[in-house]
Amino acid sequence: MTTPVTPANQEPEPTPKVVPSDGIQSDTDFDRIALALSGGGFRAAAYHLGTLRALNTLGLLDNVRMISTVSGGTIVGAYYALKRKQGVPFDTIYESFYAILYDDTLLRKALQQWEKTLAGSSSPNYKLIRAFADVYDSDLFDGATFGEFWNESDLDSFPLQTVVFNATELYSGLAFRFQHASGIDDGYLIGNRNVFVQPNDARQLRLADIVAASSCFPGGFEPLVMPDDFPRQPGEMLFYDYDNGRLPIDRLALLDGGVYDNQGTESLLIASDRNASYCEKNDIKPGDPIYDKIGPMSLLLISDVSSAGVNLYKAPEPGPSAGEGDRLESLPGKVDNWFRWAVGVAGVALGYYLLHLFVLRYPPFEGFLLGMLAGGALTVGFGLQWAVRWAIGKLNETGKPFDPIYGQATLPIRKLSIKQIVYLLTIRLTSVMTLLDTIFLRRIRSQGYAAAAAGREYKRLSSVLDRLIRAENDRDTPKQWKKELRTIQPVIEQARSMGTTLWWLNDKFRLDAIIASAELTLCYRLLRQFEERPPQPGSRSADVQQRARQLWDAYQRDPEFFRNVAVGNSPSRSAAPQPPRDTPAASPPSQG
């Protein structure tokens, strides 16, 4: 069992060090980049693919030493990490994953797999999320297991020293981290301090199941349960608490990692502190060859598709007035009246039938239809009456423990009309959905950013999808930059309008715009920082500045640049052209 570096029986908090964290100040800031890929469905997967592509264009991709992914970010992040582990060059990774996004077949194949499971087996694994996991396994990961990351023979060629794929466990409500740290044999858990699994068990898990757990957003999918929903895990799986040993549970439910931390930053802060402690304990110092591999992060880069928009919830119009519609208290009486009408209709039909049968001595041609009418009327009447009385009885039974409050509450509720009740339930539901889907996640996001900005021995850079929209509206943005931002605004607007789904359907046309918006946002953020702190000529920072400026200028000359670099009409893009090294760096925009 591995031994955590912090003894507290809770999720360890990274230890802040009072050092300014904003701004690229030297070439060493690019030495060990920690990349956080947020959740957000296909929009996130496409945006992070653009971030990876931009880092490759800027010559920084191999400096990414740590990666932490959540939900949609895990789909692309796990794919990238696995392919790099297998020695696949980035251009091939980009083309392959772009084609997967463009083809947009994951949902269709998952539904087909789900139907196949339901139709041909009595297996209890009939969850929709299980069908998605099987499709991830066949289309993205080719049966790969988490154990592939334990092969450390390629430590010099595989750039990612730490990989963390985040889910949320429902035992203690914390992040469950499927993680591996190369070169460090101690100090991290697969899970968290309250509940974790042994590495030998985790290594057998399909990478596809880990991705499914990380992207298993509540409401859309069922929780993924370990070990039942992880087919590569044979038999019993043991769960542990760091302080108390084995836990008395044999199953653990997992949900989307964004429920706990939708940006995945906390995992990187903990991992960086862990690496720093390891280096200190083993007397590994800056300048040592191994330090560049396993040292703490020098730059935290957050790729984030979350929006900071306003007008989140449309205030409802006034509801129905007291005189509109029937009151709830009148419903039993109305049902009784409907029942009497049903009995009456059935009686007339039956009488007509008997008249023809016994008096006129021949069965009517309509006899069969009249019998059906009589039976149907009685069935509907009895059914409605029984249903209403059963519902009222259940409500009264449920409310008994809450007397006298229940009795007091039901009196005014019975005065409401059916329309008023529907109105009140609708606005309650929509406001709760806004709370959970937007405000709650925004609060989690702000806490993550606050922790990241607390001041540590690293620099911080965020690449947020709607950052350029806010920059254009910021009165402190120089005029020339505002002019250039207006040029590419249609691209950003097209990208940010995409919802959080695991499919494109009618939004496939946004794919290239989302990838482009990631490139533009990262370039803008870097160029503004270099403008404030100009790099030394000939330095690595100067080279990054030149590459960022050339990519930015390509979009300034043609906002549809991202479409023009497509390969014909094929569903893939060529890798971004590398800026020529002998081209002089373009100067930043004027301040006028």
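Which residues does D256 touch, not counting residues up to four places away in sequence? In this predicted model, D256 touches V70, S71, A167, T168, A213, S214, S215, C216, F217 and P218, where contact means heavy atoms within 4.5 Å. Residues are numbered from 1 along each chain as its sequence is written, and side-chain values use heavy atoms, with hydrogens and water left out. Because the model is predicted, local features need pLDDT of at least 70 and side-chain atom pairs count only at pLDDT 80 or more, while totals for chains, interfaces and linings use all residues.

D256 is placed in strand β10; strands (E, at least two residues) and helices (H or I, at least four) are DSSP runs numbered from the N terminus. The residue is buried, with a relative accessible area of 5%. Buried stands for under 20% relative accessible area, exposed for over 50%, and partly exposed for values in between (1.4 Å probe, protein chains only). The UniProt annotation "active site", from an unreviewed entry, covers S71 and D256. UniProt positions are given in the numbering used here, feature names are shortened, and such annotations may be inferred rather than shown by experiment. The two residues are spread over 186 residues of sequence, yet they cluster in space, with a largest C-alpha distance of 6.0 Å. S71 is found in the loop between β2 (64-70) and α2 and counts as buried at 7% relative accessibility. With neighbours within four places in sequence left aside, S71 is in contact with G39, G40, S214, S215 and D256. S214 and S215 are also among the residues that D256 touches.

At the level of the whole chain, there are 18 helices and 12 strands. Of the 592 residues, 50% count as buried. The chain exposes about 27700 Å², of which carbon and sulfur atoms supply 57%; accessible areas come from the Shrake-Rupley method with a 1.4 Å probe, and for residues only the protein chains shown count as cover. Among contacts between residues at least 6 apart in sequence, 78% join residues at least 24 apart.

In soluble globular proteins, nonpolar side chains tend to be buried together. A nonpolar core is a set of buried Ala, Val, Leu, Ile, Met, Phe, Trp, Tyr and Cys residues joined through side-chain atoms within 4.5 Å. The largest nonpolar core has 115 residues, and those with the most contacts inside it are F97, Y136, F141, F165, F178, M226 and W552. The largest share of this core, 13 residues, comes from α16. Apart from this core lies another, of 13 residues, among them L268, L269, Y449 and Y458. Helix α16 (residues 511-532) has 22 residues and reaches 33 Å from its first C-alpha to its last. This span is close to the 32 Å expected at 1.5 Å a residue, the expected value being 1.5 Å times one less than the number of residues. Of the 22 residues of α16, 21 are buried. M226, with residues up to four places away in sequence not counted, touches F176, F178, V197, L205, M237, F239, D250, R251, L252 and L254.

Side chains of opposite charge can pair when their charged atoms come close. With a salt bridge defined as a side-chain nitrogen of Lys or Arg within 4 Å of a carboxyl oxygen of Asp or Glu, the count comes to 25. R32 forms a salt bridge with D292, with the closest N and O atoms 3.6 Å apart. This pair links distant parts of the chain, 260 residues apart: R32 is in the segment before β1 (33-37), and D292 is in helix α9 (residues 291-294). R32 counts as buried at 9% relative accessibility, whereas D292 is partly exposed at 37%.

K83 and D142 also meet in a salt bridge (3.9 Å, N to O). K83 lies in helix α2 (residues 72-85) and D142 in the loop between α5 (128-141) and β3 (162-169), so this pair ties together parts that are 59 residues apart in sequence. K83 is buried, with a relative accessible area of 13%, and D142 is exposed, with 57%.

The side chains of D228 and R251 meet in a salt bridge with an N to O distance of 2.4 Å. D228 lies in the loop between β7 (224-226) and β8 (240-241), and R251 in the loop between β9 (245-246) and β10 (252-256), so parts 23 residues apart in sequence are tied together. D228 counts as partly exposed at 34% relative accessibility, as does R251 at 46%. Salt bridges that share partners join R130, D134, D137, R206 and D209 into one network.
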